Amino acid sequence: MLLKKVIAGIAVAYGRRRVAGLYPKGVVEALILRTWPVHEADQIVSFFTRDLGKLKGIAKSAAKSRRRFGGALEPMTHVLASYAEKPRQELVRLDACEIVASPLLDPVDYARAAALAFMAEVLEETLQDRDPQDAVFRLALAVLEQTRMGRIWLPVTYFSLWMVRLMGWMPEIGRCTDCGRLFAGGPAYFESQRDGLVCAEHRHPAARAISPESLVLAARIFRDPIAALAAEEWPRNRAADLRRFAVQNLERHLEKRLRSAQALRGMG
Ligand SMILES: [Zn+2]
(Lines give C-alpha, C1' and ligand atoms only; values in the text may rest on other atoms or scores of the structure.)
Protein backbone atom coordinates (compact mmCIF):
# COMPACT_ATOMS: atom_id res chain seq x y z
CA MET A 1 0.00 0.00 0.00
CA LEU A 2 2.61 2.50 1.16
CA LEU A 3 4.91 1.56 -1.69
CA LYS A 4 2.09 2.13 -4.16
CA LYS A 5 1.55 5.58 -2.71
CA VAL A 6 5.24 6.35 -2.93
CA ILE A 7 5.41 5.20 -6.53
CA ALA A 8 2.40 7.34 -7.38
CA GLY A 9 4.13 10.27 -5.70
CA ILE A 10 7.23 9.74 -7.80
CA ALA A 11 5.21 9.58 -10.98
CA VAL A 12 3.62 12.90 -10.04
CA ALA A 13 6.99 14.42 -9.18
CA TYR A 14 8.45 13.40 -12.51
CA GLY A 15 5.41 14.54 -14.44
CA ARG A 16 5.65 17.98 -12.92
CA ARG A 17 9.35 18.38 -13.21
CA ARG A 18 9.41 19.47 -16.79
CA VAL A 19 6.59 21.90 -16.21
CA ALA A 20 7.75 23.34 -12.92
CA GLY A 21 11.33 23.75 -14.13
CA LEU A 22 14.08 24.40 -11.65
CA TYR A 23 14.70 22.53 -8.47
CA PRO A 24 17.03 23.92 -5.85
CA LYS A 25 20.16 21.78 -6.11
CA GLY A 26 22.86 20.87 -3.73
CA VAL A 27 25.67 18.53 -2.77
CA VAL A 28 25.56 17.02 0.70
CA GLU A 29 27.82 14.75 2.68
CA ALA A 30 25.84 11.64 3.56
CA LEU A 31 25.78 8.02 4.60
CA ILE A 32 23.65 5.64 2.56
CA LEU A 33 21.24 3.74 4.80
CA ARG A 34 18.94 1.70 2.61
CA THR A 35 17.57 1.30 -0.90
CA TRP A 36 14.32 -0.05 -2.30
CA PRO A 37 13.85 -0.91 -5.96
CA VAL A 38 10.99 0.86 -7.77
CA HIS A 39 9.96 0.76 -11.39
CA GLU A 40 12.47 -1.08 -13.53
CA ALA A 41 15.84 0.35 -12.71
CA ASP A 42 15.01 3.15 -10.27
CA GLN A 43 15.69 3.03 -6.59
CA ILE A 44 14.44 4.88 -3.57
CA VAL A 45 17.37 5.69 -1.34
CA SER A 46 17.30 6.59 2.31
CA PHE A 47 20.40 8.60 3.16
CA PHE A 48 21.57 10.38 6.28
CA THR A 49 23.03 13.77 5.46
CA ARG A 50 25.23 15.69 7.85
CA ASP A 51 23.47 19.01 7.30
CA LEU A 52 19.86 18.15 6.59
CA GLY A 53 19.31 14.92 8.47
CA LYS A 54 17.80 11.83 6.90
CA LEU A 55 16.36 12.23 3.41
CA LYS A 56 14.66 9.93 0.98
CA GLY A 57 15.33 10.31 -2.69
CA ILE A 58 14.65 8.69 -6.00
CA ALA A 59 17.73 7.57 -7.90
CA LYS A 60 16.64 7.35 -11.49
CA SER A 61 18.12 4.38 -13.38
CA ALA A 62 20.37 3.66 -10.43
CA ALA A 63 20.61 0.00 -11.30
CA LYS A 64 21.91 0.85 -14.77
CA SER A 65 23.97 3.95 -14.26
CA ARG A 66 27.37 2.92 -12.98
CA ARG A 67 28.68 6.33 -13.89
CA ARG A 68 26.39 8.15 -11.47
CA PHE A 69 25.98 5.55 -8.74
CA GLY A 70 28.47 2.73 -9.28
CA GLY A 71 28.83 0.94 -5.96
CA ALA A 72 27.84 4.05 -4.02
CA LEU A 73 24.43 2.90 -2.84
CA GLU A 74 25.62 0.11 -0.56
CA PRO A 75 24.55 0.67 3.07
CA MET A 76 26.98 2.77 5.13
CA THR A 77 28.84 4.12 2.11
CA HIS A 78 30.06 7.64 2.86
CA VAL A 79 29.23 9.80 -0.15
CA LEU A 80 28.88 13.27 -1.55
CA ALA A 81 25.34 13.20 -2.86
CA SER A 82 24.12 15.54 -5.58
CA TYR A 83 20.43 16.08 -5.23
CA ALA A 84 17.64 18.39 -6.23
CA GLU A 85 14.40 19.09 -4.47
CA LYS A 86 11.18 20.91 -4.72
CA PRO A 87 9.59 22.64 -1.76
CA ARG A 88 7.06 20.49 0.12
CA GLN A 89 8.04 17.41 -1.87
CA GLU A 90 8.92 14.54 0.40
CA LEU A 91 11.25 12.74 -1.99
CA VAL A 92 14.27 14.55 -3.37
CA ARG A 93 15.83 13.60 -6.69
CA LEU A 94 19.16 11.93 -6.18
CA ASP A 95 21.28 12.72 -9.24
CA ALA A 96 24.66 11.17 -8.42
CA CYS A 97 26.79 9.93 -5.56
CA GLU A 98 30.54 10.27 -5.32
CA ILE A 99 32.14 7.82 -2.92
CA VAL A 100 34.16 9.37 -0.09
CA ALA A 101 34.70 6.03 1.66
CA SER A 102 33.16 2.66 0.96
CA PRO A 103 33.01 -0.10 3.58
CA LEU A 104 33.44 -2.53 0.69
CA LEU A 105 37.01 -1.43 0.06
CA ASP A 106 37.99 -3.43 3.14
CA PRO A 107 37.41 -7.19 3.35
CA VAL A 108 33.87 -8.16 4.36
CA ASP A 109 32.86 -11.37 6.09
CA TYR A 110 29.49 -12.30 7.57
CA ALA A 111 30.23 -10.64 10.91
CA ARG A 112 31.37 -7.35 9.44
CA ALA A 113 28.42 -7.31 7.05
CA ALA A 114 26.11 -7.89 10.02
CA ALA A 115 27.73 -5.04 11.96
CA LEU A 116 27.33 -2.65 9.02
CA ALA A 117 23.71 -3.74 8.55
CA PHE A 118 23.08 -3.16 12.24
CA MET A 119 24.41 0.41 12.08
CA ALA A 120 22.38 1.18 8.96
CA GLU A 121 19.19 -0.24 10.47
CA VAL A 122 19.58 1.58 13.78
CA LEU A 123 20.16 4.89 11.97
CA GLU A 124 17.28 4.27 9.59
CA GLU A 125 14.89 3.46 12.43
CA THR A 126 15.92 6.07 15.01
CA LEU A 127 16.42 9.17 12.86
CA GLN A 128 13.50 11.34 11.82
CA ASP A 129 13.39 12.68 8.29
CA ARG A 130 14.93 16.13 7.89
CA ASP A 131 16.12 16.35 11.47
CA PRO A 132 19.88 17.10 11.44
CA GLN A 133 21.88 15.15 14.03
CA ASP A 134 25.48 16.20 13.71
CA ALA A 135 26.66 14.25 16.77
CA VAL A 136 25.11 11.06 15.37
CA PHE A 137 26.76 11.69 12.02
CA ARG A 138 30.17 12.09 13.65
CA LEU A 139 29.59 8.98 15.76
CA ALA A 140 28.72 6.95 12.68
CA LEU A 141 31.86 8.05 10.82
CA ALA A 142 34.13 7.36 13.80
CA VAL A 143 32.63 3.93 14.38
CA LEU A 144 32.66 2.96 10.70
CA GLU A 145 36.37 3.61 10.53
CA GLN A 146 36.90 1.03 13.29
CA THR A 147 34.59 -1.64 11.87
CA ARG A 148 37.12 -4.04 10.40
CA MET A 149 36.96 -7.74 9.70
CA GLY A 150 37.56 -9.59 12.96
CA ARG A 151 37.07 -6.40 14.95
CA ILE A 152 33.39 -5.64 15.12
CA TRP A 153 32.45 -5.92 18.79
CA LEU A 154 33.93 -2.66 20.03
CA PRO A 155 32.32 -0.60 17.21
CA VAL A 156 28.95 -2.31 17.64
CA THR A 157 29.01 -1.82 21.42
CA TYR A 158 30.25 1.75 21.23
CA PHE A 159 27.71 2.64 18.56
CA SER A 160 24.70 1.11 20.31
CA LEU A 161 25.42 2.70 23.68
CA TRP A 162 26.03 6.11 22.15
CA MET A 163 22.91 5.91 19.99
CA VAL A 164 20.83 5.25 23.11
CA ARG A 165 22.46 8.24 24.76
CA LEU A 166 22.18 10.61 21.79
CA MET A 167 18.51 9.74 21.41
CA GLY A 168 18.06 10.76 25.06
CA TRP A 169 17.15 7.25 26.19
CA MET A 170 20.16 6.42 28.38
CA PRO A 171 19.39 6.15 32.09
CA GLU A 172 22.00 7.01 34.66
CA ILE A 173 24.48 4.13 34.73
CA GLY A 174 26.10 4.77 38.11
CA ARG A 175 23.23 4.31 40.54
CA CYS A 176 19.95 2.48 41.19
CA THR A 177 16.87 4.12 39.66
CA ASP A 178 14.75 2.98 42.60
CA CYS A 179 16.83 3.81 45.68
CA GLY A 180 19.56 6.04 44.28
CA ARG A 181 22.34 3.93 45.77
CA LEU A 182 25.61 3.83 43.81
CA PHE A 183 26.47 0.46 42.28
CA ALA A 184 30.00 1.03 43.55
CA GLY A 185 31.68 -2.09 42.26
CA GLY A 186 28.55 -4.28 42.29
CA PRO A 187 26.46 -5.35 39.30
CA ALA A 188 23.46 -3.45 37.94
CA TYR A 189 20.23 -5.04 36.64
CA PHE A 190 17.94 -4.18 33.76
CA GLU A 191 14.64 -5.43 32.41
CA SER A 192 13.21 -5.43 28.92
CA GLN A 193 10.08 -3.50 29.86
CA ARG A 194 11.44 -0.47 31.69
CA ASP A 195 14.18 2.13 31.57
CA GLY A 196 16.79 2.47 34.23
CA LEU A 197 19.22 0.24 36.06
CA VAL A 198 18.56 -1.09 39.54
CA CYS A 199 20.61 -2.59 42.34
CA ALA A 200 20.52 -6.24 43.48
CA GLU A 201 17.96 -5.41 46.14
CA HIS A 202 15.49 -3.85 43.69
CA ARG A 203 15.95 -6.23 40.81
CA HIS A 204 13.00 -8.00 39.26
CA PRO A 205 13.40 -11.80 39.14
CA ALA A 206 13.55 -11.68 35.32
CA ALA A 207 16.13 -8.89 35.24
CA ARG A 208 19.52 -9.39 33.61
CA ALA A 209 22.80 -8.26 35.10
CA ILE A 210 25.45 -5.90 33.83
CA SER A 211 28.77 -6.84 35.39
CA PRO A 212 30.85 -4.32 37.32
CA GLU A 213 33.53 -4.58 34.59
CA SER A 214 30.98 -3.68 31.92
CA LEU A 215 29.74 -0.71 33.96
CA VAL A 216 33.30 0.59 34.07
CA LEU A 217 33.55 0.06 30.31
CA ALA A 218 30.32 1.95 29.74
CA ALA A 219 31.74 4.90 31.65
CA ARG A 220 34.86 4.78 29.48
CA ILE A 221 32.81 4.54 26.31
CA PHE A 222 30.99 7.74 27.29
CA ARG A 223 34.24 9.48 28.18
CA ASP A 224 36.71 8.40 25.50
CA PRO A 225 36.77 8.47 21.70
CA ILE A 226 36.48 5.02 20.14
CA ALA A 227 40.08 5.15 18.90
CA ALA A 228 41.26 5.28 22.52
CA LEU A 229 39.61 1.89 23.19
CA ALA A 230 40.58 0.24 19.93
CA ALA A 231 44.01 -0.95 21.00
CA GLU A 232 42.46 -3.42 23.46
CA GLU A 233 41.19 -6.90 22.71
CA TRP A 234 37.44 -7.05 22.10
CA PRO A 235 36.33 -10.66 21.86
CA ARG A 236 32.61 -11.05 21.34
CA ASN A 237 31.84 -11.93 24.94
CA ARG A 238 33.34 -8.69 26.20
CA ALA A 239 30.54 -6.33 27.26
CA ALA A 240 27.89 -8.57 25.69
CA ASP A 241 25.66 -7.55 28.63
CA LEU A 242 26.07 -3.87 27.69
CA ARG A 243 25.16 -4.58 24.07
CA ARG A 244 22.07 -6.47 25.12
CA PHE A 245 21.08 -3.62 27.43
CA ALA A 246 21.57 -1.02 24.66
CA VAL A 247 19.78 -3.01 21.95
CA GLN A 248 16.87 -3.77 24.27
CA ASN A 249 16.60 -0.07 25.05
CA LEU A 250 16.60 0.83 21.33
CA GLU A 251 14.01 -1.83 20.52
CA ARG A 252 11.77 -0.75 23.38
CA HIS A 253 11.76 2.90 22.28
CA LEU A 254 11.37 2.02 18.61
CA GLU A 255 8.66 -0.48 19.51
CA LYS A 256 10.07 -3.03 17.12
CA ARG A 257 12.69 -5.72 16.88
CA LEU A 258 15.85 -4.87 14.96
CA ARG A 259 16.41 -7.67 12.48
CA SER A 260 20.14 -7.01 12.21
CA ALA A 261 20.48 -7.17 16.00
CA GLN A 262 19.15 -10.70 15.88
CA ALA A 263 21.81 -11.61 13.33
CA LEU A 264 24.47 -10.21 15.66
CA ARG A 265 22.97 -11.98 18.64
CA GLY A 266 23.09 -15.21 16.69
CA MET A 267 26.87 -14.87 16.61
CA GLY A 268 27.09 -14.45 20.37
ZN1 LIG B 1 18.10 -0.01 44.59
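**Figure 1. Arg138 and Asp134 pair up in a predicted model.** Arg138 forms a salt bridge with Asp134, and their closest N and O atoms are 2.9 Å apart. A salt bridge here is a side-chain nitrogen of Lys or Arg within 4 Å of a carboxyl oxygen of Asp or Glu. The two residues are 4 residues apart in helix H4 (residues 134-146), so about one helical turn separates them. Helices (H or I, at least four residues) and strands (E, at least two) are DSSP runs, numbered from the N terminus. Arg138 is partly exposed at 47% relative accessibility, and Asp134 is partly exposed too, at 35%. For these labels, buried means under 20% relative accessible area, exposed means over 50%, and partly exposed lies in between (1.4 Å probe, protein chains only). This is a predicted model, in which local features need pLDDT of at least 70 and side-chain atom pairs count only at pLDDT 80 or more, while totals for chains, interfaces and linings use all residues. Residues are numbered from 1 along each chain as its sequence is written, and side-chain values use heavy atoms, with hydrogens and water left out.

**Figure 2. Glu251 of helix H8 meets Arg265 of helix H9.** The side chains of Glu251 and Arg265 form a salt bridge at 3.8 Å, N to O. Because Glu251 lies in helix H8 and Arg265 in helix H9 (residues 259-266), the pair ties together parts that are 14 residues apart in sequence. Glu251 counts as buried at 9% relative accessibility, whereas Arg265 is partly exposed at 32%. Elsewhere, salt bridges that share partners join Glu29, Arg50, Asp134 and Arg138 into one network.

**Figure 3. Asp42 and Lys60 link a strand to a loop.** Here a salt bridge joins the side chains of Asp42 and Lys60 (3.1 Å, N to O). Asp42 sits in strand E2 (residues 42-49) and Lys60 in the loop between strand E3 (53-59) and helix H2 (66-69), so the contact ties together parts 18 residues apart in sequence. Asp42 is buried, with a relative accessible area of 5%, but Lys60 is partly exposed, at 33%. By the same cut-off, the count comes to 20 salt bridges.

Figure 4. A cavity is a set of points, on a 1 Å grid over the protein atoms alone, where a 1.4 Å probe fits but cannot get out; lining residues have an atom within 4 Å of a point. Among the lining residues are Pro171, Phe190, Arg194, Phe245 and Arg252.

**Figure 5. Val27, Leu80 and Val100 make a nonpolar surface patch.** Together these three residues give a patch of about 240 Å². Such a patch is made of residues with over 30% relative accessible area and no salt bridge, with nonpolar side chains (Val, Leu, Ile, Met, Phe, Trp, Tyr) joined within 5 Å and, for charged patches, like charges within 9 Å. Accessible areas come from the Shrake-Rupley method with a 1.4 Å probe, and for residues only the protein chains shown count as cover. Leu80 is found in strand E4 (residues 78-84) and is partly exposed, with a relative accessible area of 32%.

Methods:
On a 1 Å grid over the protein atoms alone, a cavity is a set of points where a 1.4 Å probe fits but cannot get out, and a pocket is an open set with protein on both sides within 12 Å along at least five of seven lines; lining residues have an atom within 4 Å of a point.
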